[in-house]
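This report describes a predicted model. The sequence and structure are shown first, and selected features are then discussed by region.

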Amino acid sequence: MRGWRREMAGLVLPVACGGCGRPRTELCEECAAVLARAPRRVRPAPEPAGLPVVHATAPYENAVRAMLLAHKERGALGLAGVLGGALAAAVRAGAGQPGGAGPLLLVPVPSARRATAARGHDPARRIAVAAAAELRRGGVPARVSAVLRQRRAVADQAGLGARERQANLAGALRVVEGGRRLLDGGRVVLVDDLLTTGSSLAEAARAVRAAGLSQGGEESAGRRGAGGLGAAVVAASPTAFELNRN
């Protein structure tokens with residue numbers, strides 16, 4: 001029945017796979033399978049100072065790139081579920097064994113207000129909500145704590161190199177009033193849809209630390225401690241995966 005409904009919907013409201021463009025399906029099985037890989041640690045080069053340990057599910061290329069762009073720029077909001085599932089897997093990979101240190105607090109890196117208004121939604125936050133729901137379905141306590149805001153305008157990151165992105169974002173984020181309280185008693189995981197240079201996640205980490213998150217339990221020898229700060233994304237640049245093959 002589900003397949004029949006999809007066929008009928010495709011006749012009335014034609015759709016195409018967000019990954020490969022195959023007609024009359026929002027996401028084909030082949031493209032969905034690309035996001036079912038085991039997450040791995042990723043590391044950009046150069047690695048910005050203060051970047052937490054980051055895990056990602058897939059390289060940002062081909063079908064994955066098309067899906068993220070379709071969700072972010074073309075309003076393919078139905079892809080949030082599968083993208084959130086991939087993000088949830090990356091969160092689990094970085095968080096280690098559940099329990100004992102409070103719930104997982106997914107803190108999305110915010111989009112610029114201008115970009116959010118133009119798109120009509122905040123992609124990272126939408127995917128984070130889907131990821132938190134997936135984690136809870138798997139028995140892992142998790143919730144979204146959207147406590148970060150931009151404190152000043154930043155330039156469009158497209159076309160900027162690693163150093164330019166770091167300069168563009170330096171000091172650009174803050175934790176909202178009362179946000180520190182929302183981060184108490186849990187394991188904070190910064191989340192975004194994509195890692196390229198790592199500048200956005202490094203700035204988000206700085207802002208969270210500046211709000212008073214204890215650094216005593218942060219990553220040590222590549223493993224998260226109780227109360228520490230980690231990060232997870234759906235996808236990362238292929239070179240970030242290459243650096244972690246050995």
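L104 is located in strand β3, where helices (H or I, at least four residues) and strands (E, at least two) are DSSP runs numbered from the N terminus. With a relative accessibility of 1%, L104 is classed as buried; buried denotes under 20% relative accessible area, exposed over 50%, and partly exposed the range in between (1.4 Å probe, protein chains only). L104 and L183 are separated by 79 residues in sequence, while their C-alpha atoms lie 9.7 Å apart.

The largest nonpolar core has 35 residues, and L104 is one of the four that touch the most other members, together with V91, L106 and V234. Such a core is a set of buried Ala, Val, Leu, Ile, Met, Phe, Trp, Tyr and Cys residues joined through side-chain atoms within 4.5 Å. Two or more residues are given to this core by each of α3 (62-73), α4 (80-95), β3 (104-108), α6, β7 (187-195) and β8 (229-236). The most come from α4, which gives seven residues. In soluble globular proteins, nonpolar side chains tend to be buried together.

## Basis of the model

The model is predicted: local features need pLDDT of at least 70 and side-chain atom pairs count only at pLDDT 80 or more, whereas totals for chains, interfaces and linings use all residues. Residues are numbered from 1 along each chain as its sequence is written, and side-chain values use heavy atoms, with hydrogens and water left out.

## Salt bridges

Six salt bridges are found in a search of the whole structure, a salt bridge being a side-chain nitrogen of Lys or Arg within 4 Å of a carboxyl oxygen of Asp or Glu. Side chains of opposite charge can pair when their charged atoms come close. One of these bridges joins E134 to R137, with the closest N and O atoms 2.9 Å apart. The two residues are separated by about one helical turn because they are three residues apart in helix α6 (residues 123-137). E134 is partly exposed, at 28% relative accessibility, whereas R137 is exposed, at 63%. E134 also lies 6.2 Å from G85, C-alpha to C-alpha, although 49 residues separate them in sequence.

A further salt bridge links the side chains of E30 and R22, at 3.2 Å from N to O. E30 is partly exposed, with a relative accessible area of 47%, and R22 is likewise partly exposed, at 40%. The side chains of E47 and R43 also meet in a salt bridge, at 3.5 Å from N to O. Here E47 has a relative accessible area of 38% and counts as partly exposed; R43, at 28%, is partly exposed too.

## Positive surface patch

R113, R125, R149 and R174 form a positive surface patch. Patches are made of residues with over 30% relative accessible area and no salt bridge, like charges being joined within 9 Å and nonpolar side chains (Val, Leu, Ile, Met, Phe, Trp, Tyr) within 5 Å.

## Backbone geometry

The peptide bond from A45 to P46 is cis, with omega near 0°. P46 is placed in the loop between β1 (40-42) and β2 (54-59).

N62 has a positive phi of about 50° although it is not a glycine. This residue lies in helix α3 and is exposed, with 63% relative accessibility.

## Buried loop residues

S237 occupies the loop between β8 and α10 (238-242). It is buried, at 17% relative accessible area. S237 and L195 are 42 residues apart in sequence, and their C-alpha atoms are 6.6 Å apart in space.

G18 is situated in the loop between α1 (2-12) and α2 (29-34). The relative accessible area of G18 is 12%, which means that this residue is buried. Between G18 and R65 there are 9.5 Å from C-alpha to C-alpha, and the two are 47 residues apart in sequence.

Key:
Accessible areas come from the Shrake-Rupley method with a 1.4 Å probe; for residues, only the protein chains shown count as cover. Lys and Arg count as positive and Asp and Glu as negative; His and the chain ends are not counted. The place of a charge is taken as NZ of Lys, CZ of Arg, CG of Asp or CD of Glu.
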